[in-house]
Amino acid sequence: MSTLLTVILVVVGGFVALMVGLNLFIRAKAKAMRGQELPKLPGRLGESIGRSKKGLVYFFSPSCAACRTLTPVVQKAAKANKNVFAVDVTQHLELARALKILATPSTLEVEEGRVVDVHVGMLPRSVMERLSPST
């Protein structure tokens with residue numbers, strides 16, 4: 001094997017390992033949020049989230065490819081349900097920081113002032129079904 005090919009394989013392998021490690025780190029941090037009490041949230045949107053007895057808080061970024069598929073669905077649900085919040089992190093960065101959002105899309109399920117569950121990436125089918133206007 002040539003030296004150049006070896007260098008390329010090492011660089012690509014290192015990059016893949018870094019991305020996998022970062023993904024695992026983000027998911028571990030998200031899992032650690034389960035059961036935590038919501039902090040004082042900034043802004044009117046934060047106050048609305050804090051007052052929600054049972055809510056879904058979806059964080060997205062306009063530049064996120066995965067978000068482009070999911071965001072319209074969540075925004076439609078947010079219009080129909082006052083306990084569903086679609087939060088653009090570019091517009092509400094302090095809110096995202098307060099809730100320790102490290103990646104988009106990320107979704108928090110909150111209940112009675114606590115984080116019940118955290119989803120990083122696409123939402124599970126069970127959550128998507130709850131967003132459906134027919135339910």
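**One residue, then the whole chain**

Reply: Let's start with Ala86, which sits in strand 2 (residues 84-88). Strands (E, at least two residues) and helices (H or I, at least four) are DSSP runs, numbered from the N terminus. This is a predicted model: local features need pLDDT of at least 70, side-chain atom pairs count only at pLDDT 80 or more, and totals for chains, interfaces and linings use all residues. Residues are numbered from 1 along each chain as its sequence is written, and side-chain values use heavy atoms, leaving out hydrogens and water.

Me: Is Ala86 buried, exposed or partly exposed?
Reply: Partly exposed, because its relative accessible area is 26%. Buried means under 20%, exposed over 50%, and partly exposed is in between (1.4 Å probe, protein chains only).

Me: Which residues does Ala86 touch?
Reply: Leaving out residues up to four places away in sequence, Ala86 touches Tyr58, Phe60, Val74, Gln75 and Ala78. A contact means heavy atoms within 4.5 Å.

Me: How far apart in space are Ala86 and Ala98?
Reply: They are 16 Å apart, C-alpha to C-alpha, and twelve residues apart in sequence.

Me: Now the whole chain. In what order do its elements run?
Reply: From the N terminus, α-α-β-α-β-α-β-β-α. That gives five helices and four strands.

Me: What box do the C-alpha atoms fill?
Reply: Roughly 60 × 30 × 25 Å, along the principal axes.

Me: What share of the chain is buried?
Reply: Buried residues are 33% of the 135.
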